[in-house]
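Colleague: I have a model open and want to learn how to read it. Where do we begin?

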2 protein chains.
Amino acid sequence: MPTTIYLAGPDVFLPNAIEVGRQKMAICQEFGFKGLFPVDNDLGVEADAAAIFRANCALMKRADVGVFNLSPFRGPSADAGTVFELGFLFSQNRPVYGYSNAPESYITRVAAAGSLPERGGRPVDRDGLAVENFGLTDNLMIVEAIRASGGAIAFAPPGGDASASAALETMPSFRACLEIVRQRFH
Amino acid sequence: MPTTIYLAGPDVFLPNAIEVGRQKMAICQEFGFKGLFPVDNDLGVEADAAAIFRANCALMKRADVGVFNLSPFRGPSADAGTVFELGFLFSQNRPVYGYSNAPESYITRVAAAGSLPERGGRPVDRDGLAVENFGLTDNLMIVEAIRASGGAIAFAPPGGDASASAALETMPSFRACLEIVRQRFH
């Protein structure tokens, strides 16, 4: 039985979500893994939300490993659904790995253009809320969970199509991540 | 032994984080619960991130229930660290509850001013990425996990100080949430 990998990420919101899911499952197979792709892409009426939730939880429970697309989504952090699933799988003692199109530190993205104000020598955002300043690429719970599980985060090399959709697919960093997973499991 | 409640939320980033934490723990005590407040507010150098992570995970494992401040944080969704912890505690079969300053649907916040474009009859954001349209207040994994655990989300009544910091504290909805928790556990 090949090692199974839950493929979490906001990929499900891409215009070509189904194709991206197939592509990621094919790449998993290349690496000797079986990819499990969530079903969020079947967006529909409210009645379906509970069914999608249950299906994704069931799929996570079948996974040996989680690989998370942590690319920033509608803000400086990873997608909320993806982060929920990271917490879920980490809590189930599964090794978790990430990949992302954004190698810079979290505070760099919050600052965007320009520098942040400070309060008591610590950086805050424009609303006066503290900004984590650990040099990590996202909230410490995300990055440290991956480290604690023995995982790692791979980042995309620059270049290619710069559209938001294309940046979110980030197959080069997905491949780089699977290469790291392979070194541990094969 | 009183029921213990893990008090998750971006409250740790507030200027008065320690005071807010004490206030929430005092309210817990009023309701007959013991509040456990995370230690993220001790923001410091990178070396501390792993220690904070371990301390928060240890604190979550001691909790009987999770109460999450799901108010939108630096984007249309709840804070990433908070959502990680929601996934973690849900996965540990703990009942999870939420409260928030934003009762409107997620899609309303993504749309902000104006309406969203559509693709194939479904709403997408300005980058062409699908927007969940279930009438839920956040990503379906968040809202459905709370429902599946038997929990609920309480929303703040309008009014009061409209600053971002004050809106994030949202003690009235925290109290409303504890009232719901009390009905189940006492």
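Modeller: With what counts as a contact: heavy atoms within 4.5 Å. Keep in mind that this model is predicted.

Colleague: Which residues does B:Thr3 touch, leaving out those up to four places away in sequence?

Modeller: B:Thr3 touches B:Phe33, B:Lys34, B:Asp64, B:Val65 and B:Phe185. B:Thr3 sits in the segment before strand E1 (4-8) of chain B.

Colleague: Is B:Thr3 buried or exposed?

Modeller: Buried means under 20% relative accessible area. B:Thr3 has 17%, so B:Thr3 is buried.

Colleague: Now the interface. How is its size given?

Modeller: Often as the accessible area lost when the parts come together. Here, about 4800 Å² is buried between chain B and chain A. Carbon and sulfur atoms give 63% of that area. On chain B's side, B:Arg74, B:Phe134 and B:Met141 supply 18% of the area buried against chain A, more than any other three residues.

Colleague: How many residues are in contact?

Modeller: 61 of chain B, with 60 of chain A.

Colleague: And how many salt bridges does the rule find across the interface?

Modeller: Two. The side chains of A:Arg74 and B:Asp125 meet in a salt bridge, at 3.0 Å from N to O. Between the two chains, 16 residue pairs are in polar contact.

Colleague: Which element gives the largest share of the side of chain B that touches chain A?

Modeller: H3(B), with ten residues. By type, that side of chain B divides into 33 nonpolar, 13 polar and 15 charged residues.

Definitions and conventions. Residues are numbered from 1 along each chain as its sequence is written. Chains are lettered from A and ligands numbered from 1 in the order in which they are written. This is a predicted model: local features need pLDDT of at least 70, side-chain atom pairs count only at pLDDT 80 or more; totals for chains, interfaces and linings use all residues. Side-chain values use heavy atoms; hydrogens and water are left out. Helices (H or I, at least four residues) and strands (E, at least two) are DSSP runs, numbered from the N terminus. Buried means under 20% relative accessible area, exposed over 50%, partly exposed in between (1.4 Å probe, protein chains only). Buried area is the accessible area (1.4 Å probe) that two parts lose on being put together, summed over both. A salt bridge is a side-chain nitrogen of Lys or Arg within 4 Å of a carboxyl oxygen of Asp or Glu. A polar contact is a pair of N or O atoms within 3.5 Å; within protein, one must be able to donate a hydrogen and the other to accept it, and residues adjacent in sequence count only if both atoms are side-chain atoms. Ala, Val, Leu, Ile, Met, Phe, Trp, Tyr, Cys and Pro count as nonpolar, Asp, Glu, Lys and Arg as charged, and the others, Gly among them, as polar.
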